[in-house]
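Thanks for coming. I will go through one structure, starting with its strands and then moving to some side chains.

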Amino acid sequence: MSLLNIFDVTGSAMSAQTVRMNTTASNLANAETTASSPDEAYRARNPVFETVYRSAFDQSNAGVRVTDIVANQTDPQRVYKPGDAMADDDGYVYLSNVNAVDELVNMISASRSYQSSVEVLNTSKELLMRT
């Protein structure tokens, strides 16, 4: 793998981690939302990554891309709040299935991965400048 290929690989990783951070931010923003039915409740979303090879013959030159963003199918929590504006006929509201702690861990992980990719780019650039 040449040093120039590192820019492609690292760039694809940074792009994928950006999608991951944006998805996590959206999940955190909707963590405390309520709905009047389980179907309307916000479901946490997560990106699905896929390895992309630049050549079928040389699998050492790979990258990553986001193929889909899937919703978590865990049932939303049902809470009895008869005075809430979003309550159904029985007095229940449905909370999103976002786990804030898991999302914060996911955000830290994505941020660290992005930061590592930036370090790889800077090191590669320095090596190219020296040669």
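**Strands and side-chain contacts**

Strand 1, residues 34-35, and strand 5, residues 92-95, pair in the antiparallel sense over 2 bridges. Before going further: this is a predicted model, where local features need pLDDT of at least 70 and side-chain atom pairs count only at pLDDT 80 or more, while totals for chains, interfaces and linings use all residues. Residues are numbered from 1 along each chain as its sequence is written, and side-chain values use heavy atoms, with hydrogens and water left out.

On terms, helices (H or I, at least four residues) and strands (E, at least two) are DSSP runs, numbered from the N terminus. Two strands pair if DSSP finds at least two bridges between them.

Thr34 has Leu95 of strand 5 as its bridge partner, and Ala35 stands opposite Tyr94 in strand 5. Strand 5 also pairs with strand 4, residues 78-80, again in the antiparallel sense, over 3 bridges. Here the bridge partner of Arg78 is Tyr94. Put together, 3 strands form an open sheet in the order 1-5-4, with antiparallel pairing. Strand 1 and strand 4 are the edge strands, since each pairs on one side only.

Next, the aromatic residues. How many aromatic pairs does a search of the whole structure find? There is 1 (ring centres of Phe, Tyr or Trp, the six-membered ring for Trp, within 6.5 Å; planes under 30 degrees apart are stacked, over 60 edge-to-face, the rest tilted). The ring centres of Tyr80 and Tyr92 are 5.2 Å apart and the planes are at 65°, so this pair is edge-to-face. Tyr80 is in strand 4 and Tyr92 in strand 5, 12 residues apart. Tyr80 is exposed, at 52% relative accessibility, and Tyr92 is partly exposed, at 24%. For these words, buried means under 20% relative accessible area, exposed over 50%, and partly exposed in between, with a 1.4 Å probe and protein chains only.

Now the charged pairs. The whole structure has 2 salt bridges (a side-chain nitrogen of Lys or Arg within 4 Å of a carboxyl oxygen of Asp or Glu). Arg65 and Glu50 form one of them, at 2.7 Å, N to O. Arg65 lies in strand 3, residues 62-71, and Glu50 in strand 2, residues 45-53, so the pair ties together parts that are 15 residues apart in sequence. Arg65 is partly exposed at 46%, and Glu50 is partly exposed at 32%.

Arg130 and Glu126 also meet in a salt bridge, at 2.7 Å, N to O. Both lie in helix 2, residues 100-130, 4 residues apart, about one turn of the helix. Arg130 is exposed at 64%, and Glu126 is partly exposed at 43%.

Last, Asn97, in the loop between strand 5 and helix 2. Is Asn97 buried or exposed? At 14% relative accessibility, Asn97 counts as buried. A polar atom of the Asn97 side chain lies 2.7 Å from the backbone nitrogen of Ala44, and the backbone oxygen of Thr74 lies 3.0 Å from a polar atom of that side chain. Leaving aside neighbours within four places in sequence, Asn97 has contacts (heavy atoms within 4.5 Å) that include Tyr42, Asn72 and Pro76.

Note on methods: Polar contact = N/O pair within 3.5 Å; in protein donor to acceptor, adjacent residues only side chain to side chain.
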